[in-house]
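Please keep the sequence and the model side by side while reading.

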Amino acid sequence: MSKRAEEEMRKSTREKIIDDAQIQCHQARSDVIETRLQLDAVPRQVRKGFQQSILAYYHALRPLRTEGIINSWWKSVTLSEDWIRAVMFETEDGDELAVSPENAQSKMASDSFQYVGVDLHQGLDTLESLDDATEETTTVVGGMRGRREETTTRPLVLETEVLVDISRVLDEAATKLGFAPDIDLQDAEAEVV
């Protein structure tokens with residue numbers, strides 16, 4: 001029996017689950033990076049597959065979140081500098097106002113609001129909300145009856161840069177827990193171009 005086969009037999013069920021999730025996530029990350037290099041963009045369906053593998057990786061690590069070495073870090077780590085929860089403004093009265101990134105542009109154009117900064121998504125448990133998150137898009141369509149607005153709701157799929165950042169945070173969590181990614185997976189660690 002080979003050395004690798006013996007190692008696989010000695011692994012616990014949790015180790016196998018984490019290993020499988022890591023491999024799937026790293027393969028999806030490689031696919032996303034390769035697609036980005038070829039097409040200069042990443043189609044929604046490819047990003048969705050990557051996001052699903054990230055969520056599987058998160059769920060594999062989640063039962064270990066209360067381990068002493070990672071407990072406080074798990075709750076406070078910044079997932080991505082590009083994933084903004086809210087844009088913060090200060091009103092003329094000195095009150096703070098949190099606005100969604102979509103609505104921030106109108107506040108920035110106004111003289112009655114002073115830009116303060118951004119509130120980023122923090123804590124790995126934030127990923128729990130991605131399972132059910134949706135986004136709405138409204139389009140104006142024209143037809144024989146005139147123009148009307150149609151609203152479409154579909155599952156939220158994050159941008160490529162955010163997904164790559166989150167996958168790296170999950171790798172860091174796995175390393176802190178003693179499940180460092182296999183050296184063979186390091187090819188998937190390339191920067192997003």
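This is a predicted model: local features need pLDDT of at least 70, side-chain atom pairs count only at pLDDT 80 or more; totals for chains, interfaces and linings use all residues.

Residues are numbered from 1 along each chain as its sequence is written, and side-chain values use heavy atoms, with hydrogens and water left out.

Helices here are DSSP runs (H or I, at least four residues) numbered from the N terminus.

| Item | Value |
|---|---|
| Helix α2 | residues 13-39 |
| Helix α3 | residues 44-61 |
| Angle between α2 and α3 | about 160° |
| Distance between their axes | 8 Å |

Because angles over 145 degrees count as roughly antiparallel, α2 and α3 are described as roughly antiparallel to each other. In α2, residues including Ile17, Ile18 and Ala21 take part in the contact with α3, where the partners include Phe50, Tyr57 and Leu61; contact means heavy atoms within 4.5 Å.

The largest nonpolar core has 34 residues, and Leu61 is among those with the most contacts inside it; such a core is a set of buried Ala, Val, Leu, Ile, Met, Phe, Trp, Tyr and Cys residues joined through side-chain atoms within 4.5 Å, where buried means under 20% relative accessible area. Its largest share, eight residues, comes from α6. Leaving aside residues up to four places away in sequence, Leu61 touches Ile18, Trp74, Leu170, Ala173, Ala174 and Leu177.

Ile17, in helix α2, has 36% relative accessibility and therefore counts as partly exposed, a class that lies between buried and exposed (over 50%, with a 1.4 Å probe and protein chains only). The C-alpha atoms of Ile17 and His59 are separated by 9.6 Å, although these residues lie 42 residues apart along the chain.

Notes: Axes are lines fitted to C-alpha atoms, for helices over the stretch in contact, and angles run from 0 to 180 degrees between N-to-C directions. Helices (H or I, at least four residues) and strands (E, at least two) are DSSP runs, numbered from the N terminus. Angles under 35 degrees count as roughly parallel, over 145 as roughly antiparallel, 65 to 115 as roughly perpendicular and the rest as oblique.
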